[in-house]
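Colleague: I'm new to this one, could you walk me through it?
Modeller: Gladly, have a look at it here.
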Amino acid sequence: MALIDIISANNATGVDGKDMKIGLVVYPDCLPAGLLAFSDLLLAANLRVGRRAFSFCWLSEDGGQVAITNGLTLQTEEIADANIDAILIPGAWRDRETAISDADQGLINALKSMPQSTRFWGYCTGVILLACTGRLDNTPATTTWWLRELSGEKFPAVQWRPHETIVYSKTYATASGVNGYLPLALAVIAAECGAPVVEDIRRHMVLPRPEGRQTPLQDVSILIQRGGWLRSLIQHIEATPATELDTARLATAMNTSPRTLQRRALEKSGYSCGKLMRLVKMNQVGEQLISTERSVAMIAHELGFTDEASLRRSFRQVSGMTLGQYRKGL
């Protein structure tokens, strides 16, 4: 098919009339570059498959002209009037103190009014706006590393995975960092058009391969998703200094006997209680290594380990990596 024919196909409806309609949200201090790049990747996918697999529109709280960064303005539709399948919320020029703003309430209310069938995607501080709608409650999500503590404090019902670059599902998707649009776009295209299309786009557009940190400690985030009793157990382990952790004390905290605790921990997690305790504490160490610049000595003190040497030894036994290797992502 000639290029002009492919472009014509993009200006008509898709082959089966079921192109995915995506709303790109803008608001006064948002970072539009990622949205523009996201839309370019959608166009690239359309060109690659020879039909309009995706279409998009610009949305805002009230519609009309919206001023964005660098003196630019965009003409938008009102969110409430949009007929879309999915909506993407970008990050903004904010810090930890301004990540949640009273000025966002109108936008949050507009997002809340969207049909339950709408797929919600967000990246960078846009994940915080998405969390404010309640749509992420009881679902896994990631966020930018410097929002990790705020996210956990303000939205405890969300199953946060701060060490992951992207958390993607059919209904919700979140990505970390200002460049989070890239793994999100590639995940959407892969889901709708197939992995070979993504590889072709990556190759022809010379795209970087998004990082997807896979760690030996990732089981903890998976176990937390199971919720209920097991999540409560993990939270107790996380809250207890390493030197004070033992089965008897943990059983008391869980209002059960040591024998019952051992049995239920194995049933629910597949790990013995002792192994689960070590795994959870080492996961906490790993998150500190990734998300902070604290020294090993400081991490050991904060999490209640006897000394730095015992922490180093335990971490290598559990993860198969040294602390330095883990911090560097090797």
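Modeller: One term before we start: buried means under 20% relative accessible area, exposed over 50%, and partly exposed in between, with a 1.4 Å probe and protein chains only. This is a predicted model, where local features need pLDDT of at least 70, side-chain atom pairs count only at pLDDT 80 or more, and totals for chains, interfaces and linings use all residues. Residues are numbered from 1 along each chain as its sequence is written, and side-chain values use heavy atoms, with hydrogens and water left out.
Colleague: Which residues are buried in α9?
Modeller: In α9, they are Trp229, Leu230, Arg231, Leu233, Ile234 and Ile237. Helices (H or I, at least four residues) and strands (E, at least two) are DSSP runs, numbered from the N terminus.
Colleague: At what angle do α9 and α11 pack?
Modeller: Helix α9 (residues 228–239) packs with α11 (residues 258–269) at about 110°, their axes being 10 Å apart. Axes are lines fitted to C-alpha atoms, for helices over the stretch in contact, and angles run from 0 to 180 degrees between N-to-C directions. The two helices are therefore roughly perpendicular to each other (under 35 degrees counts as roughly parallel, over 145 as roughly antiparallel, 65 to 115 as roughly perpendicular and the rest as oblique).
Colleague: And which residues make that contact?
Modeller: Trp229, Leu230 and Leu233 of α9 meet Leu261, Arg264, Ala265, Lys268 and Ser269 of α11, where contact means heavy atoms within 4.5 Å.
Colleague: Switching topic, how much of the whole chain is buried?
Modeller: Of its 330 residues, 50% count as buried, and the secondary structure comes to 15 helices and 10 strands.

Conventions:
Expected span 1.5 Å × (residues − 1).
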